[in-house]
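Please read the following briefing alongside the sequence and the coordinates.

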Amino acid sequence: MRVAFYCPNKPLSHPEPSGDLAIAQGIHDALREEGWNCQEIVRFRSRWFWKSSEGRHDAWRALMEAFSQAIAFQPHVWLTYHSYYKSPDILGPLIAGVMGIPYILFQPMYGTKRRKDAKTRTGFYLNRIALKRCDHAFTNNREDVESLRRVLPATKITHLPPGIFPEEFQHDEEARRQVRAAYGLPDDAPVILTAARFRPGVKVESLEYLFRSLALLLEQRLEFTLLVVGGGPMEQTVKAAANALLPRRVAFTGQILRKDMHRYYSAADIFAFPGIGESLGMVQLEAQSCGLPVVALDAPGAAQVVAKDRTGLLTPREGSEEAMARAIGEFLLNPAMRKAFGERARKYVREERNLHTTYRRLSQMLEVEVGRRRRRI
């Protein structure tokens, strides 16, 4: 069967790596493995399109293109990934309705506060139309379920837990030796890894929070090196903060392709990233799959991807940097604890956060929706 796939926020060809892009690509590839002919039907990025005449023109052109592609492709179902007030899906509801096929949303978002702000009101209502017209909504963030119930009946909402494909993130001992040698990391001292895009906002806030936490450990004379993976427009700011707080304890790798990240996780002993404002911690899942214990803030994003006190330590935000420093210090001082948490982390991802299992269920439910629509006809 055929799936018309659409990503209004970031098309699959978008050049900037992100968790959202990884999820979208994973859905696309997994459905193909499950036997679906899954095709990205159009690459129109709807982000704030209504704010300019050029954007409105692009939207009209995208609608015509998508109609043409859909008529030629003859999909059995339309699947849109990540419609929300900034990038609402205006194509799927129209085309799926005309073609008489199920219209499905994966990871839509809905917040009524956007209706109150003139800047976001149009996007709110366009996204609301998409939600009201969908046959089923899937979300991988349990924090979104309650808000979706404001606009959809519970029978049309399914929570599928976030995850990764574990085989893409496996410990590699040879890579551990190579990466450590490349960055001059000693074999006999623990390495803490963190990874983020260096962009303004919560990503840089999280990195600076981590640097301040680790600076407290210097006072205890604990040995460690911090390996920072990432790049972006705030690179100089991030490097200046790290070098000021953690002199001679930090190595920067620059941006690393996701397919190579397992090599860097393998080089480390602990993964630490606070995750301020994170909806889901994909890097934390990747690190655990490679056998790393995780330290993060006890917030909804991390709590959905880390088994607290089993695969990682989640610290209260109210405890400030001291609580995170204590958690990291526990792992630094106790190799046996690191190993036990890391082994449980690998098993947790494989058994509880495995996208092969999750997307098999998605595939089965899409088949149900297609069958239900056929019975109506």
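This is a predicted model: local features need pLDDT of at least 70, side-chain atom pairs count only at pLDDT 80 or more; totals for chains, interfaces and linings use all residues.

Residues are numbered from 1 along each chain as its sequence is written, and side-chain values use heavy atoms, with hydrogens and water left out.

**Aromatic rings and charges**

- The structure holds 17 aromatic pairs, where rings of Phe, Tyr and Trp (its six-membered ring) pair if their centres lie within 6.5 Å, and planes under 30 degrees apart count as stacked, over 60 as edge-to-face and the rest as tilted.
- Phe49 and Trp50 form an edge-to-face pair, with 5.3 Å from centre to centre and 90° between the planes.
- Phe49 counts as buried because its relative accessibility is 10%, and Trp50 counts as buried at 12%; buried means under 20% relative accessible area, exposed over 50%, and partly exposed in between, with a 1.4 Å probe and protein chains only.
- Phe49 and Trp50 belong to one aromatic cluster together with Phe44, Trp48, Tyr84 and Tyr85.
- Arg249 lies over the face of Phe224, at 5.0 Å from the ring centre, and Arg344 lies over the face of Phe341 at 4.7 Å; the criterion is that NZ of Lys or CZ of Arg is within 6 Å of the ring centre and within 35 degrees of the ring normal.

**Helix packing**

- Helices (H or I, at least four residues) and strands (E, at least two) are DSSP runs, numbered from the N terminus.
- Helix α12 (residues 320-333) packs against helix α13 (residues 335-352) at an angle of about 105°, with the axes 5 Å apart; axes are lines fitted to C-alpha atoms, for helices over the stretch in contact, and angles run from 0 to 180 degrees between N-to-C directions.
- That angle makes α12 roughly perpendicular to α13, since angles under 35 degrees count as roughly parallel, over 145 as roughly antiparallel, 65 to 115 as roughly perpendicular and the rest as oblique.
- Glu330, Phe331, Leu332 and Leu333 of α12 meet Pro335, Met337, Arg338 and Phe341 of α13, where contact means heavy atoms within 4.5 Å.
- By class, this contact of α12 with α13 has 6 nonpolar, no polar and 2 charged residues; Ala, Val, Leu, Ile, Met, Phe, Trp, Tyr, Cys and Pro count as nonpolar, Asp, Glu, Lys and Arg as charged, and the others, Gly among them, as polar.
- The axes of α7 and helix α8 (residues 235-245) come within 9 Å and cross at roughly 10°, which makes α7 roughly parallel to α8.
- The residues in the contact of α7 with α8 divide into 9 nonpolar, 1 polar and 2 charged.

**A buried helix**

- In helix α3 (residues 92-99), the residues Gly92, Pro93, Ile95 and Ala96 are buried, and their cover includes α2 (53-73), β3 (77-81), β4 (103-106) and α4 (121-133).
- Just after α3, Gly100 takes a positive phi of about 70°.

**Loop residues**

- Met109, in the loop between β4 and α4, is partly exposed, with a relative accessible area of 32%.
- Leaving aside neighbours within four places in sequence, Met109 is in contact with His82, Ser83, Tyr84, Asn127, Leu131 and Asp144.
- Arg221, in the loop between α7 (202-218) and β8 (225-229), has a positive phi near 60° although Arg221 is a residue other than glycine, and Arg221 is exposed, with a relative accessible area of 74%.
- Asp309, in the loop between α11 (300-303) and β12 (312-315), has a positive phi near 65°.
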